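Please read these notes with the model open beside you. They go through a few local features, one point at a time.

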Amino acid sequence: MSIATAVTLDNRFARELPEMAVPWQAEPVAEPRLLALDEALATDLGLDPAWLRGPDGVRLLVGAVVPDGATPVAQAYSGHQFGGFSPRLGDGRALLLGELAAGGLARDLHLKGSGRTPFARGGDGLAAVGPMLREFVISRAMHALGIPTTRALAVVATGQIVRRETLLPGAVLARVASSHLRVGSFQYATTTGDKDLLRRLADHAIARHHPAAADAERPCLALFEAVLAAQASLIARWMLAGFVHGVMNTDNMTISGETIDYGPCAFMEAYDPATVYSSIDHGGRYAYGNQPLIAEWNLARLAEALLPLIDDDQDRAVELAVASLGGFRRMYEAAWSDGMRAKLGLPAGHDDAQLVADLLTLLQTGRVDHTSAYRALATAARGDSAPIRALLPDPLAGAWVRRWLALGPDADAMDRVNPVYIPRNHLVEEALAAATGGDLAPFTRLVEVVSDPFTERPGLDRYAGPAPADFGAYQTFCGT
Ligand code: AMP
Ligand code: MG
């Protein structure tokens, strides 16, 4: 099968927004070797997994060949990084190959680690095997948990050495997203001062993600509100799952409401809102418990970028945007409370704010593993309180459990929303270290386990608990 029959790529972003798209090519890869492929995702996209595994497929997955009509580009965007604004970030080591048409839905096919671009600044444009496999396994887990996310299609080793603190094997990640439009994309368009560009970007975003906004009285305000809703729901899901993104800069927040850029992210173990894993997040700006506030802050930056399109009278535009932004907290609180109710197996409509708050206090004081706690509670709902007693030795916990059991929680419903298996930090590190040394078996096994997070299976006990004490404090890194 030729590449032309195997894959078709549109270049809509490049065509509609040329000011934000620098045509560019991936760096040649001497010895590409496929390390991981999401076959189910490939099939969903209308791609043949067997073809992708073959020499032409692997060449596509590193950008060495693209079908006729495709225009690979590095995308321009700005971003607030840890609160400071950089007007020109952009894809320093990434390329949008183009848009796949999957069931009428455009999906970006994008590479990371494909070489320096005009946005690379001091960076080498490359990526190492470990961090790219990390994105593969964590985004797979997120998807299996039902959390909107960009998807990793494949990781290909380049055979090239990448210089970090040590010398590491290089890799290219091929990822798929409903788009790579970010809050930072709008900040970029606004910063250019070109209102026509900003309008085209908004039209493009509306058409791709929030088509209903086109019919609203103020389409750009409706776009903003749709992004608020998508992000409120996304961040609530992160919080319910114990996910810490780690680098919620405005260039890492999508317009689609998908999780993007798995850098220093990790799943929290001991419940604590102050949890931080990123080595550079000294102030805890992106701590677990701060994520809803940071999302709101980022969305205020999106509002600012959209102001010129909301109303010609800028005072009026601010008034309208502020009123809309106020909806974020309500939507977030509602999504989070509904999610907590589901985690506790309680019916909708029940007022249990105090019950939930008391549980979180117990979990925090006891430094209880966030993921195990809810499965242990489901076991208690089935009549066996031993596991939750072991996790929560606090004398007040018994009273809390009795109070909750009196409400008649539905244990089966709990097990459908509370995972047994998440990508545990120590197991991720173990799998990536082995893969970096050439042994993919632990990685492949971990991917299998986290792909089915809610069904407890025999023989997988070591995947179901927190890191042993000797694993120590976990630290993650950016820009890897
Ligand atoms: P990230 O932390 O992955 O969201 O990246 C932030 C910015 O740094 C983006 O503009 C990236 O393209 C850029 N960047 C990160 N790593 C590299 C690298 N090794 N080479 C070039 N640019 C990079
Ligand atoms: Mg980024």
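The points below cover aromatic pairs, charges over rings, a metal site and a hairpin.

1. Basis. This is a predicted model, in which local features need pLDDT of at least 70 and side-chain atom pairs count only at pLDDT 80 or more, while totals for chains, interfaces and linings use all residues. Residues are numbered from 1 along each chain as its sequence is written, chains are lettered from A and ligands numbered from 1 in the order in which they are written, and side-chain values use heavy atoms, leaving out hydrogens and water.

2. Aromatic pairs. The structure holds 10 aromatic pairs. Rings of Phe, Tyr and Trp (its six-membered ring) pair if their centres lie within 6.5 Å; planes under 30 degrees apart count as stacked, over 60 as edge-to-face and the rest as tilted. Phenylalanine 328 and tyrosine 332 are stacked, at 6.5 Å centre to centre and 15 degrees between the planes. Both lie in helix H11 (residues 314-343), four residues apart, or about one turn of the helix. Helices (H or I, at least four residues) and strands (E, at least two) are DSSP runs, numbered from the N terminus.

3. Burial of this pair. Buried means under 20% relative accessible area, exposed over 50%, and partly exposed in between (1.4 Å probe, protein chains only). Phenylalanine 328 is buried because its relative accessibility is 1%; tyrosine 332 is buried at 8%.

4. A tryptophan pair. Tryptophan 400 and tryptophan 404 have ring centres 5.8 Å apart and planes at 15 degrees, so they are stacked. They are four residues apart in helix H15 (residues 395-405), and therefore about one helical turn separates them. Tryptophan 400 is buried at 2% relative accessibility, and tryptophan 404 is buried at 0%.

5. Charges over rings. A charge sits over a ring if NZ of Lys or CZ of Arg is within 6 Å of the ring centre and within 35 degrees of the ring normal. Lysine 343 has its charged end over the ring of tyrosine 374, 4.3 Å from the centre. For arginine 462 over tyrosine 463, the distance is 5.7 Å.

6. Magnesium. Which residues coordinate the magnesium ion (ligand 2)? They are Asn252 (OD1) and Asp261 (OD), at 1.9 to 2.2 Å. Donors are N, O and S atoms within 2.8 Å of the metal (3.2 Å for Na, K and Ca); water is not among the atoms, so sites may look incomplete.

7. Strand S6 (residues 94-102) has eight of its nine residues buried. Eight bridges join S6 to the antiparallel strand S7 (residues 105-112); two strands pair if DSSP finds at least two bridges between them.
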